[in-house]
Amino acid sequence: MRKLFPEKWLVVIAVLLGTFTIILNNSMLNPAVPHLMKVFDADAVSTGWVITIFMVTMGVTMPLTGYLGDKYGKKKLYLIGLLIFITGSTLGSFSWDLNSLIFFRGLQGVAGGLMMPLSMALIFEAFPRNERGLATGIWGIAAMMAPTIGPTVGGFIIETGSWQWLFLFNVPTGLLGLVIGAMYLKNTNKVNGISFDKWGFVTVTAGVGAILFALGRISALEHFTEPLNIGLIVFGFISLFIFVKIENRIEQPLLDLSIFKNKAFTYSVWVAISTSLALFGGIFLIPLLIQHVYGLGAIITGLIFLPAALCTGIFMTIGGRLLDRKGPLLVVTSGLVVTAIATLALGFTSMETSLAAIFVLMALRGVGQGFSTMPAQTAGMNAIPDQFISRGSAMNNVLRQMSSALGIVFISIFYEVRRVQVYANVETMEQASLQAINEGFIILGIIAVVTIPFGWLLGKESEKLEKKDSLSA
């Protein structure tokens, strides 16, 4: 295999297989919830835990990856995570009731929390700074395309086969990733003399876990007023406040918050949060537009996502090359502009808007996402010292996870509330749904517009750092 690919590109292939398998599996299960309700004779709230538990266990595991990767080696920890995921997938297919299914999904989430931050760290270990843009661009195809094609694959499996294949589908690619990873991932140096920040771990786990747990329980406005959800959110933010205080005082913090003093990294995190909101908000709204407004089926809905997925993959690779050659200023800023324009344009659809127009706008969103998401994240990671890469990646992933969950909750509640309000003044529910969807896209578009200056600032800050590095060299 080394004859076909240079060894460093085999690292990308190894982590791409693992990452793609995890994200695809999670997005495949979203359309399967109604079917699983019938299989296990359970209500929507109970079955929703199949999705929620993955999000919670993944979120609370991510902060640990920096410490564990330094103590035991990134390669070993990544392969352990992938083995846990394959085990959880295999056992998940044998689930005998809903509780066992939720438990095995929790195992998958733990594995995802270990693997996702380490994926980028392993790539950064294998590539020099001026080649990381292309490498992470190719790896990022998995992170960006899997959520868009996952619902289509999951729907197809449910319609043509049994639900067990939602889990068994992961095993072949997971095993392939495990073999290639064992052969070609580089052993990273262990860091001696590090101590475990137990109180930091307790507070960040409690904070992230409580907030993600609450967000997973919220799907309507009235859920916000439930005492348990209010208590979880308040407890979560208090725990995170205490966590920040602990991390700023301790000598060896679990997550070194001093990396936020690096302006380029901070700007890149905001871009990552914004693009996550745009991506997952669109994933929620587009099926509603196609099925509830236009009355078309799941297959057409899946096809609508196809141009976005393809363009994201193509332009993420192009964006990575441009990042390596020109820096992030042009590529990230232009990507955010295209994303903002296409998202705002989707806010002006009507009952007469053709599917071709939606295809084009979704393709443009893919172009914008490809140019902005992974190049911004890579530029931010390039700006911090190499010893902070795994912890910076963990921080980035935790914030993306929380913002994605918050974005879906916000857009779903906004849609339900506005649809009811608008219905009082229009003739049909389709018209009310359309207006609520349009307003949702306009909100996402405004967030993208507000983010454009951060892309420009990221570029300028990266140029300063490059000049500083060249002078010191």
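1. Start with burial. Of the 473 residues of the protein, 56% count as buried. Keep in mind that this is a predicted model.

2. Next, the secondary structure. The protein has 17 helices and 0 strands.

3. Now the overall dimensions. The radius of gyration of the protein is 22 Å. A compact globule of 473 residues would have a value near 23 Å, so the two agree. Along the principal axes, the C-alpha atoms fill a box of roughly 70 × 50 × 50 Å.

4. Take the contacts between residues at least 6 apart in sequence: 83% of them join residues at least 24 apart.

5. Then the surface and the charges. The side chains include 31 positive and 25 negative ones. The centres of these two sets lie 11 Å apart.

6. Find Ser93 in the loop between α5 (74–92) and α6 (98–126). Is Ser93 buried or exposed? Its relative accessible area is 8%. The cut-off for buried is under 20%, so Ser93 counts as buried.

7. Finally, the surroundings of Ser93. A polar atom of the Ser93 side chain lies 2.6 Å from the backbone oxygen of Thr90. Leaving aside residues up to four places away in sequence, Ser93 touches Trp163, Gln164, Phe167 and Leu168.

Key
Residues are numbered from 1 along each chain as its sequence is written. This is a predicted model: local features need pLDDT of at least 70, side-chain atom pairs count only at pLDDT 80 or more; totals for chains, interfaces and linings use all residues. Side-chain values use heavy atoms; hydrogens and water are left out. Helices (H or I, at least four residues) and strands (E, at least two) are DSSP runs, numbered from the N terminus. The radius of gyration is taken over C-alpha atoms; the globule rule is 2.2 Å times the number of residues to the power 0.38. Buried means under 20% relative accessible area, exposed over 50%, partly exposed in between (1.4 Å probe, protein chains only). Contact means heavy atoms within 4.5 Å. Lys and Arg count as positive and Asp and Glu as negative; His and the chain ends are not counted. The place of a charge is taken as NZ of Lys, CZ of Arg, CG of Asp or CD of Glu. A polar contact is a pair of N or O atoms within 3.5 Å; within protein, one must be able to donate a hydrogen and the other to accept it, and residues adjacent in sequence count only if both atoms are side-chain atoms.
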